[in-house]
Amino acid sequence: YENKSDQGVSWTVVSPVVFTYRVIQCKDLLDPRNDTLLCGHTEDQELKGTTSNSEPVKRFVVIDKTVHELYGSKVSQYFDAKGVIYKILPLPTTEENKNMELVTKILEEVHHFGIDRRSEPIIALGGGVCLDVVGLAASLYRRRTPYVRVPTTLLSYIDASVGAKTGVNFGGGKNKLGSYVPPVATFLDSSFFQTLPPRQISNGLAEMLKMALMKHRGLFELLEVNGRKMLHAKLQPSETCGGSAQEDVAAASMRIATETMLEELAPNLWEDDLDRLVDFGHIISPELEMRVLPALLHGEAVSIDMSFMVYVAHEKGLLTTQEKSRIIQCMLGMKLPVWHQECSLVLVQKSFRERLRHSAGSLRMPLPTGLGRA
């Protein structure tokens, strides 16, 4: 739009940005008979015949170091079977080294390997830190290179994998550098959970509980009754945990958590609207998590934050005493912490001041008003 005035001429540009990305639940992602990892990011079958073309397909894979020890050989066997030229870069993607140095390392390796930035997406295989770091690197390389997320932890399956945010820690703060660039696809395969320690399952159940408390009473009731069982069974289907009912509960819980997360994120990918229900549990947890790093996992810090806010909601008359008790007991049943000695009034007040600074002068603190309502 052009506007003329005594001072001169100005132009206002309005350019809508549209992203389309796919979130696919699948089984046996690393089975060479499954084409999803190679071409699940595209809706048509254009890649099906590429392995027989003169130009070979290339894939650059960034994989968490621990995940590489467990699944690296399977990833290699998959791409070998597909006739793909590939490079696997194992990295120690932990919260302590979630920084720009890791991003730069990825970019240097990608540049050396060489990929077609339009048709050969970078693949991130690991937990939330891995997905965040690779996403930021991809958003920077050639100004935006497509990438694929493959979460291997329950936390990243529910949370980090299905949204648009990328980031690294900076200046002592969590995710202070980042971008809003979603992957072209996310592939969800719960079989990776079989090799997770129980603490990592609890860690992910915290984010599942967050969505239950904010949006879905039925999901809360599933977690309340079956949370401990799902923890012990690592959310695996019947052939692993023995019993079709358990398979139904685990599958339903993951599906509902993913759907409710997408419902909240999709209309507000760039967080133009700062009133976000998905911020529940994320008001004081970033400060707490960074303060005691690496003592608390992300989901554990979120659980402590949620516990505190449940008490706040109760004090404000938004929750009944019974509802408060049910929520706390549900957390404890899933082996989640509800308190930490470093979660002091001083830390809470500092967290609120940070929230005010970055939320347009309003605290914008999501609180439950019932089980599945906020």
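Helix α6 is largely enclosed by the rest of the structure, because 14 of its 18 residues are buried. Buried means under 20% relative accessible area, exposed means over 50%, and partly exposed is in between, with a 1.4 Å probe and protein chains only. A word on the source: this is a predicted model, where local features need pLDDT of at least 70, side-chain atom pairs count only at pLDDT 80 or more, and totals for chains, interfaces and linings use all residues. Residues are numbered from 1 along each chain as its sequence is written, and side-chain values use heavy atoms, without hydrogens and water.

Back to α6, which covers residues 198-215. Helices here are DSSP runs of H or I, at least four residues, numbered from the N terminus. From first C-alpha to last, α6 reaches 26 Å, close to the 26 Å expected at 1.5 Å a residue; the expected span is 1.5 Å times one less than the number of residues.

Next, the domains, whose bounds come from an automatic or database domain assignment. Domain 1 is 22-44 + 51-195, and domain 2 is 199-236 + 248-359. Their centres, taken over C-alpha atoms, are 26 Å apart. How many residues of each domain are in contact with the other? The count is 25 residues of domain 1 with 30 of domain 2, where contact means heavy atoms within 4.5 Å.

Now two single residues. E109 lies in helix α3, residues 100-113, and at 18% relative accessibility it counts as buried. Leaving aside neighbours within four places in sequence, E109 is in contact with F60, K87 and L89. W270 is in the loop between α9 (244-265) and α10 (285-292). At 31% relative accessibility, W270 counts as partly exposed.

Key
Helix = DSSP H or I, 4+ residues; strand = E, 2+ residues; numbered from the N terminus.
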